Amino acid sequence: MSDPLPAITEAAATGEIADLFSDIRTTVGVRVVNLVWRHLATMDGALPWAWAAVKPLYLDGLPDAAMAAFHRTMDVPKLASLAGDEPASVDAVLASYDHSNTINLFALGALRNWLNGEVARDGKIAPGPRKAAPDLALPKLASEDDVAPETWALVLRLNKFGDEPQPLILASMYRHLAHAPSFLQRLEAVLGPVVADGSLRKAVLDNRRTAAVLSGDIAGAISAGRPAQATEIEKAVGLFVDHAIGKMVTICRAIRAARGGPL
């Protein structure tokens, strides 16, 4: 279970897809292309259409404005402390995903709302300044062959937290953190109690509902013709909004809070 959905890797991308991946990295301000874009790249014409539809949102700072509103009321589960020395890559991964997952949640959520006709008539989110993305080097996106079997088993266990009984997507954040297995062990220890008492799942669902409303507020800014693959694109984007990204914005924020550094 490395990429449970079909996806084009950044290394394998050529031609138009490679150019689009480069533009996504530059526009979003990240060093890696999120799995959702790499998955859309496997569908004929889907990535060019979807990226053209949402790129103006990023440029206008609409996801950033939605993120600021979201963070003001976000339900962040209280975890036991994760303070202490860890490899620098741990905090780099957490900072990068805390920003990019949340920004992508609103851009993709807006796209999904638009495809479903769920657009707020009087959206309250206005364009504004963009928040600079952390420009941090990340470790390799680990696959099963890159780490010890017990570490990969731990990645898969963590991936179940906050999601449905059988997750459909393997969250990339855990794959980047797989190079720090002792930190993953600490994560399992502090996430276990909030999984057991239901507070993590409640926070994930509450935050997803809040994000859906904010996404509807910015969906009206999308100007595009309806694509022939609308149903397939909506289904693909929905998997990420409801599962991988939808849960990880809450989990990553809680982990960073438990680390004790600035958010």
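**Terms and values**

Author: We can begin with R259, which lies in helix α10, a helix being a DSSP run of H or I with at least four residues, numbered from the N terminus. This is a predicted model, in which local features need pLDDT of at least 70 and side-chain atom pairs count only at pLDDT 80 or more, whereas totals for chains, interfaces and linings use all residues. Residues are numbered from 1 along each chain as its sequence is written, and side-chain values use heavy atoms, with hydrogens and water left out.

Reader: Why is R259 called buried?

Author: Buried means under 20% relative accessible area, exposed over 50%, and partly exposed in between, with a 1.4 Å probe and protein chains only. R259 has a relative accessible area of 13%, and therefore counts as buried.

Reader: What does the side chain of R259 reach at 2.7 Å?

Author: The side chain of R259 reaches the backbone oxygen of G84 at that distance, 2.7 Å. R259 also touches L82, A83, E86, D91, L94, F183 and R186, among others, not counting residues up to four places away in sequence, where contact means heavy atoms within 4.5 Å.

Reader: What makes A88 exposed?

Author: A88 is found in helix α5, and its relative accessibility is 66%, so A88 counts as exposed.

Reader: Why is α5 described as largely enclosed by the rest of the structure?

Author: Of the 28 residues of α5, 25 are buried, so the helix is largely enclosed by the rest of the structure. From its first C-alpha to its last, α5 reaches 40 Å, close to the 40 Å expected at 1.5 Å a residue, the expected span being 1.5 Å times one less than the number of residues.

Reader: Which helix gives the most to the lining of the largest pocket?

Author: That is α5, with five residues, and the lining comprises 31 residues, of which V33, L35, R38, Y97 and S172 lie nearest the centre of the pocket. A pocket is an open set of points on a 1 Å grid over the protein atoms alone, where a 1.4 Å probe fits, with protein on both sides within 12 Å along at least five of seven lines, and lining residues have an atom within 4 Å of a point.

Reader: Is S172 buried or exposed?

Author: S172, found in helix α7, has a relative accessibility of 13% and so counts as buried. Leaving aside neighbours within four places in sequence, S172 is in contact with L35, Y97 and L141.

Methods. Helix = DSSP H or I, 4+ residues; strand = E, 2+ residues; numbered from the N terminus. Polar contact = N/O pair within 3.5 Å; in protein donor to acceptor, adjacent residues only side chain to side chain.
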